[in-house]
Amino acid sequence: MSNLNANKPSMIQDDPLDDFTSRQLTLLDQTKTVYVSGFGPAVVVMHEMPGISPQVARFARWVRDAGFTVYMPSLFGRDGAVPQPEEGGQIFQRVCVSREFRVMAGGGTSPVVAWLRALATQAHQECGGPGVGAVGMCFTGNFAISMMIEPAMIAAVACQPSLPLDNPSAIEMSDEDAKAVSERLVHDNLTVKAYRFDGDKYCMASRFETYEKKLGARFNARVLPDSAANPETSPSLLSLFNHHIAL
């Protein structure tokens, strides 16, 4: 038992990510670090705010160990770092003014989604199989759904999609992209999955209602009881959102 516990990565220390291959991928004239590990069909795992935390890396390993090749792009933050309020707040502020992200309502689909679609295309070319899956978490939750325009994509999971921050009924997607995703889902007989906690302050029932209006029955939503939440969630990450959500 002690040896088994010794092999478990710590959630309170920075994760070296040394069981992933760090690649510099240039797509659409933009270069980003992507951590790749595993074998099998590709799954793009997108981290939450403020970056690739040990918890996110652990989830990516679970996906890898289930028989997939994980592509985990670094979109912001310090890779592998335990979330800290001060550092996380600075990252949050930088992301809010970045041209790659549409944090507030009315901005439409974040430009970074185009890069993520290109990543899905390359991952499919490298891994083969029927297609690519994507998982988005909180700040990046909606990105997984927006990626479904890309023909290589065949599965998307949005976990607590939190954008836009200033309108709980809005979705971080242009009307054109929402229509294109809806048509793609119908044409190829696909669905997208979405999850939220019942008492979530940043992904409320009204947001899922909007998704259902846009995507119809192809939007497969599930609301989890608050008691199902991980009690070991980093308090620093929660503090980050509570402190900066009003910006």
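I began at Met147, which is in contact (heavy atoms within 4.5 Å) with Val44, Met46, Val113, Leu116, Arg117, Ala120, Ala134 and Met153, leaving aside neighbours within four places in sequence.

A note on the source: this is a predicted model, where local features need pLDDT of at least 70, side-chain atom pairs count only at pLDDT 80 or more, and totals for chains, interfaces and linings use all residues. Residues are numbered from 1 along each chain as its sequence is written, and side-chain values use heavy atoms, with hydrogens and water left out.

Next I looked up the nonpolar cores, meaning sets of buried Ala, Val, Leu, Ile, Met, Phe, Trp, Tyr and Cys residues joined through side-chain atoms within 4.5 Å; buried is under 20% relative accessible area with a 1.4 Å probe, protein chains only. The largest core has 51 residues, and Phe101, Ile145 and Met147 touch the most other members. Helix 4 (residues 112-127) gives the most to this core, eight residues. Another core, of 14 residues, lies apart from it and includes Val43, Ile52, Val63 and Met72.

Gly67 follows helix 2, with a positive phi near 110 degrees.

Thr69 counts as buried because its relative accessibility is 6%. A polar atom of the Thr69 side chain lies 2.8 Å from the backbone oxygen of Gly40.

Definitions and conventions
Helices (H or I, at least four residues) and strands (E, at least two) are DSSP runs, numbered from the N terminus. Buried means under 20% relative accessible area, exposed over 50%, partly exposed in between (1.4 Å probe, protein chains only). A polar contact is a pair of N or O atoms within 3.5 Å; within protein, one must be able to donate a hydrogen and the other to accept it, and residues adjacent in sequence count only if both atoms are side-chain atoms.
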